[in-house]
Amino acid sequence: MKLVTSLTVCILSASSIFASSALMEKAKSNGLTAIPSTKVELMKLIDDKKDPITKEKEELGKKLYFDPRLSKSGIISCNTCHNLGLGGADGISAAIGHGWTENPHHLNSPTVYNSVFFKAQFWDGRSPHLADQAQGPVQAGPEMAAPASLVEQRINSIPEYVSEFKTAYGKDVKIDFAKITSTIATFEKTLVTPSKFDDYLNGNEKALNDEEKKGLTLFIDKGCTTCHTGIALGGTMQPFEVASKYRFASVGDFKGDKNGKVKTPTLRNITETAPYFHNGQIWALNDAVKEMGSVQLGIQISDSDANQIVTFLKTLKGVKPTISYPQLPESSIDTAQPDNK
């Protein structure tokens, strides 16, 4: 009797492992990719041989990311809208910028975490990479409103910044707007958040429990990986309103790129980045799942299925890099003064 019981347990265990392995392969075959488990492999994905990530560039980029003097008013930094303590976003429907101006298109601030994996930046995908993206908000009137020349003047007027740029890039470095913003991008590249979902895809069968695996199965079977795929589970340009009209399409005037495509938001850390959609009109994640079913897939997702999918989405909450708020170098008498107008 004991032998029969032991054999039964072994068979059931083997069956469970086989089923889990099959799901793992199913996830991979549907385009889901893990963040590498080793730094060496990760660096192959995020580093640029022409402008390699170094500790000096990363630290300098972090200071610039948090420095409000890159804005015309002197009170808005990159971290204002992409708050690293709030999932890399700002937690409001439409971004607020210079002069308390709401984004004129009523666009929501996307997270900066894992943005290095995005194939396109901005909701309309107009920037191909982070270094180019970083230049836009700094200069945009409704955002930081600082002309490139003003940013260059302020940074070059601060002796400690000049010294740090020389340390990071060499004594002959030209500290221009492109170099300043690409340094910010270097820091942003390091904002990668591996989660237990990555542990699972990297081979740890026990990283996800049975309910989370059921949610992953539904996520795939319902067709969510049509758009939410790759290492970022998003970040590519996709058609929007494929099957039906988005309920809140009238909020703001955003229509996507010239082909009507919209950058698919990453699902990593999605539980931290409400409200959802480009205009931030849906606050509950299960409601967002059901809306996407209707708008993109032409199906009605039940409350129970939506909740099951959300159970999986919670596994995408990753471990954030430890970031201490930097002490910023002091301005000099020559540093252009803040301008709130």
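Contact here means heavy atoms within 4.5 Å. The model is predicted: local features need pLDDT of at least 70, side-chain atom pairs count only at pLDDT 80 or more, and totals for chains, interfaces and linings use all residues. Residues are numbered from 1 along each chain as its sequence is written, and side-chain values use heavy atoms, with hydrogens and water left out.

**Exercise 1.** Locate Ser 109 and describe its surroundings.

Solution. Start with the secondary structure, where helices (H or I, at least four residues) and strands (E, at least two) are DSSP runs numbered from the N terminus. Ser 109 lies in the loop that runs between strand E2 (101-102) and helix H5 (130-133).

Next, list the neighbours. Leaving aside residues up to four places away in sequence, Ser 109 touches Cys 81, His 82, Ala 89, Asp 90 and Ala 95.

**Exercise 2.** Is Ser 109 buried or exposed?

Solution. Buried means under 20% relative accessible area, exposed over 50%, partly exposed in between (1.4 Å probe, protein chains only). Ser 109 has 7% relative accessibility, so Ser 109 counts as buried.

**Exercise 3.** How many disulfides are there?

Solution. A disulfide is a pair of cysteine sulfur atoms within 2.5 Å. The count by this rule is zero. Take Cys 81: the nearest cysteine sulfur belongs to Cys 78 and is 9.3 Å away, and Cys 81 is in no disulfide. Cys 81 is buried, at 15% relative accessibility.

Then take Cys 224. Its sulfur has its closest cysteine sulfur in Cys 227, and because the separation is 9.3 Å, this is too far for a bond. Cys 224 is also buried, with a relative accessible area of 14%.
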